[in-house]
Every structure is written in C-alpha cells, then in structure tokens.
Amino acid sequence: MTSARGIQNLALIGFMGTGKSCVGRIAAQALHFTFLDTDQVIEAWAGKTIADIFQLEGEPAFREWERRIVEDLSHRKKTVIATGGGLPANEANLASLKTHSFVVCLWASPETIYERVRGHSHRPLLNETDPLAKIRDLLVVREPYYRQADALVNTERRNLREVAAQVMHQFHLAQVVHR
Ligand code: S3P
C-alpha cells in the first residue's frame, strides 16, 4: 500500500512525554539527517512560547500554526521531524505527513506519561487540577490517530537510546521494503 510513497523523512508522533524530541535528536544524528521540532519552529515563527500562544490566542490559533507548519514540511528532505503531541490528531495533518515521511508513534501508558511530565509547567494542556485524568481523556481521543502510524514503538522500560534504536530499525526496514 505504501510502495508509492516517497519516504524522504522520519516523523515522530505520540503523546506529550513520550520522548519525541530527545529520540528525534539521537536518530537525526545517527542518520545524518536534519532535526526539526514543530513546537520550536512555531515558537520561532510566532515570536512567543507555546504557553503564551495558548494563553493569549487560544488553542485554535495554535492548531492553525500547526496546520501551517505541516504544509511547510512537505518540502523537507532527510529530516527527522518531532511533532507536537496534538499535531497528528487531525486527518489532514496526518495524511500530509505520510506523503513524505515514515511515521513512527512513540507510545507510553497514561501513568508513565504522568510520571514523566509532572512538575513541568510548559505544557498548557496539562495545567489542570487532575492532569492524569486529562492525559487519559486526550489519549482516548488521540489513540485512533496515533495507531495510524507506520510503526508503533513502546517507550516503557526503555531508555532514550534504546527507543531511538527501535525507531531507526523500523525506518531502515521500511526503506528496504519500499526500495
Ligand atoms: C501538545 C503537545 C505539546 C505542544 C502543545 C500541545 C498537545 O508538544 O505542542 O503544548 O496537544 O499534545 P509535546 O508533545 O512535544 O509536549
């Protein structure tokens, strides 16, 4: 099914706290690819932090930034793209990523995610009285999108290097299959 796809890039999707940025940096270095973090690009384009975009302009404005960056990504080659956790929870964004990237989803349970993100205040969606409940609710909505990735890599009980090795293994396999 994917044989007609051009796999130019490697995209990492998954919930907050699954290690997309850290794993992406390791993979980019190993593959000699450029690393791009969609949140960082949005902050540079908007001239403000993600937290400020949410607070001053609201979540819909942030999702519009994500839509714009997804459009821009279609010109990319040899790039490891770490996306914000909510970016692929949108059919058009996910379909666009898949036209040029092998898409890997990093997975973790709600409890593990909670342990990893607690105490961090830069994620506006989790500034809630019950962040674990919010994580569970968001995961229910997002799981059907995350499951459309080309590969799913479990990040539980694996360090970042082990996760990166799994991701690259899947990426290399895809290139053999689609060559
Ligand atoms: C979000 C995840 C964040 C960031 C924003 C919204 C989400 O990125 O894009 O706070 O909707 O899940 P990380 O997944 O890199 O934390």
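Q: Which helices each supply at least two residues of the lining of the largest pocket?
A: Helix H1 (20-31), helix H2 (38-46), helix H3 (50-57), helix H4 (59-73) and helix H6 (110-117) do so; helices are DSSP runs of H or I with at least four residues, numbered from the N terminus. This is a predicted model, in which local features need pLDDT of at least 70 and side-chain atom pairs pLDDT 80 or more, while totals for chains, interfaces and linings use all residues. Residues are numbered from 1 along each chain, and side-chain values use heavy atoms, without hydrogens and water.

Q: Which helix gives the largest share of that lining?
A: H1, with four residues.

Q: How does the lining divide by residue class?
A: Ten residues are nonpolar, twelve polar and ten charged.

Q: Changing topic, at what angle do H6 and H7 pack?
A: H6 and helix H7 (residues 131-146) pack at about 130°, their axes 9 Å apart.

Q: Which residues of H6 and H7 make the contact?
A: Pro 110, Glu 111, Ile 113, Tyr 114 and Val 117 of H6 meet Pro 131, Leu 132, Ile 135, Arg 136 and Leu 139 of H7, with heavy atoms within 4.5 Å.

Q: What classes are these contact residues?
A: Eight are nonpolar, none polar and two charged.

Terms used
Ala, Val, Leu, Ile, Met, Phe, Trp, Tyr, Cys and Pro count as nonpolar, Asp, Glu, Lys and Arg as charged, and the others, Gly among them, as polar. Axes are lines fitted to C-alpha atoms, for helices over the stretch in contact, and angles run from 0 to 180 degrees between N-to-C directions.
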